[in-house]
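Subject: Structure handover

Hello,

Here is the structure I promised you. Please open it next to this email and follow along.

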Amino acid sequence: MVVASTIIAIVMASVALFIRMRAARKPASIKKIILPPLFMSTGFLMFLYPPARVNLDEALEALLVGALFSLLLIRTSSFEKRSDEIYLRRSKAFVFILIGLLLFRIVLKLYLGQQISIEETSGLFFILAFGMIAPWRIAMYFKFKKLQTITE
């Protein structure tokens with residue numbers, strides 16, 4: 001089960017990386033920045049399933065680790081104005097950071113998978129991912145708005 005979920009995580013990360021690289025070719029918008037964490041937030045419904053629930057300390061730790069990881073993403077995400085539109089600037093470091101984060105998460109998942117149930121592990125990694133994506137997207141929103149007001 002752990003091997004299968006790891007393979008699925010690698011495939012999903014590859015798809016996300018591909019989508020992210022293609023998205024840089026199109027103009028950014030507030031909707032494109034804000035909607036992913038909002039859609040992702042529906043994943044918190046998994047905690048209605050009792051085996052997926054984690055204690056508050058573990059949830060806060062996962063959220064904090066995610067927030068720390070988001071700092072790398074925030075630093076490598078910036079916008080630029082091209083032909084009267086705002087685009088996400090590609091960063092070569094971004095790809096390596098995403099791959100590094102994926103490898104770290106896989107190693108952590110393999111370790112935690114031996115300590116706690118797969119449902120709890122899934123819950124913790126969802127919280128970690130949300131804790132990483134939400135601050136990153138909020139920072140992107142402010143960077144976008146700043147560039148938008150400067151260029152108006």
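Start with one term: contact means heavy atoms within 4.5 Å. With that in hand, the buried residues of helix α2 pack against β1 and α5. Keep in mind throughout that this is a predicted model.

**Overall picture**

The protein has five helices and two strands. Along the sequence they come in the order α-α-α-β-β-α-α. The C-alpha trace spans about 50 × 25 × 20 Å along its principal axes. The protein has 152 residues, and 33% of them count as buried. Now take the contacts between residues at least 6 apart in sequence. Of these, 81% join residues at least 24 apart.

**Helix α2**

Helix α2 covers residues 30-40. Which of its residues are buried? They are Ile33, Pro37 and Met40. These three cover an arc of only 70 degrees around the axis, so they sit on the same side of α2. An α-helix has 3.6 residues a turn, so residues three or four places apart point the same way. Now look at the face of α2 turned away from the buried side. Lys31 and Phe39 are there, and they are exposed.

**Helix α3**

Move on to helix α3, residues 56-76. It has 21 residues. From first C-alpha to last it reaches 31 Å, close to the 30 Å expected at 1.5 Å a residue. Look at the start of the helix. There, a side-chain oxygen of Asn55 comes to within 3.1 Å of the backbone nitrogen of Asp57.

The buried residues of α3 are Ala59, Ala62, Gly66, Phe69, Ser70, Leu73, Ile74 and Thr76. What covers them? The cover includes β1 (78-82), α4 (92-115) and α5 (118-151).

**Ser77, between α3 and β1**

Ser77 is found in the loop between α3 and β1. Is Ser77 buried or exposed? Its relative accessible area is 0%, and buried means under 20%, so Ser77 is buried.

Its side chain has polar partners. A polar atom of the Ser77 side chain lies 2.8 Å from the backbone oxygen of Leu73. Leu73 is itself one of the buried residues of α3. The Ser77 side chain also makes a polar contact with the side chain of Trp136, at 2.8 Å. Set aside the neighbours within four places in sequence. Ser77 is then in contact with Arg20, Leu88, Phe94, Trp136, Met140 and Lys143.

**The two strands**

Strand β2 covers residues 85-89. β1 and β2 run antiparallel, and five bridges join them. Ser78 has Arg89 in β2 as its bridge partner. Glu80 stands opposite Tyr87 in β2. The two strands form a hairpin with two residues between them. In this hairpin, Ser83 takes a positive phi near 45 degrees.

**Salt bridges**

Side chains of opposite charge can pair when their charged atoms come close. How many salt bridges does the structure hold? There are three.

- Arg82 pairs with Glu80, with the closest N and O atoms 3.0 Å apart.
- Glu80 also meets Arg89 in a salt bridge, at 3.4 Å from N to O.
- Lys81 meets Asp84 in a salt bridge, at 3.6 Å from N to O.

Shared partners join Glu80, Arg82 and Arg89 into one network.

How accessible are these residues? Glu80 has a relative accessible area of 24%, so Glu80 is partly exposed. Arg82, at 35%, counts as partly exposed. Arg89, at 38%, counts as partly exposed too. Lys81 is partly exposed, with 35%.

**Where to look**

Begin with Ser77, which is buried, and find its contact with Trp136. Then trace the hairpin of β1 and β2. Finish at Glu80, which forms salt bridges with Arg82 and Arg89.

Best wishes

Methods. Residues numbered from 1 in each chain as written. Predicted model: local features only at pLDDT ≥ 70, side-chain atom pairs only at ≥ 80, totals over all residues. Heavy atoms only, no water. Helix = DSSP H or I, 4+ residues; strand = E, 2+ residues; numbered from the N terminus. Expected span 1.5 Å × (residues − 1). Buried < 20%, exposed > 50% of the residue type's maximum accessible area, 1.4 Å probe, protein only. Polar contact = N/O pair within 3.5 Å; in protein donor to acceptor, adjacent residues only side chain to side chain. Pairing = 2+ DSSP bridges. Salt bridge = Lys/Arg side-chain N within 4 Å of Asp/Glu carboxyl O. Arc of directions from axis to C-beta.
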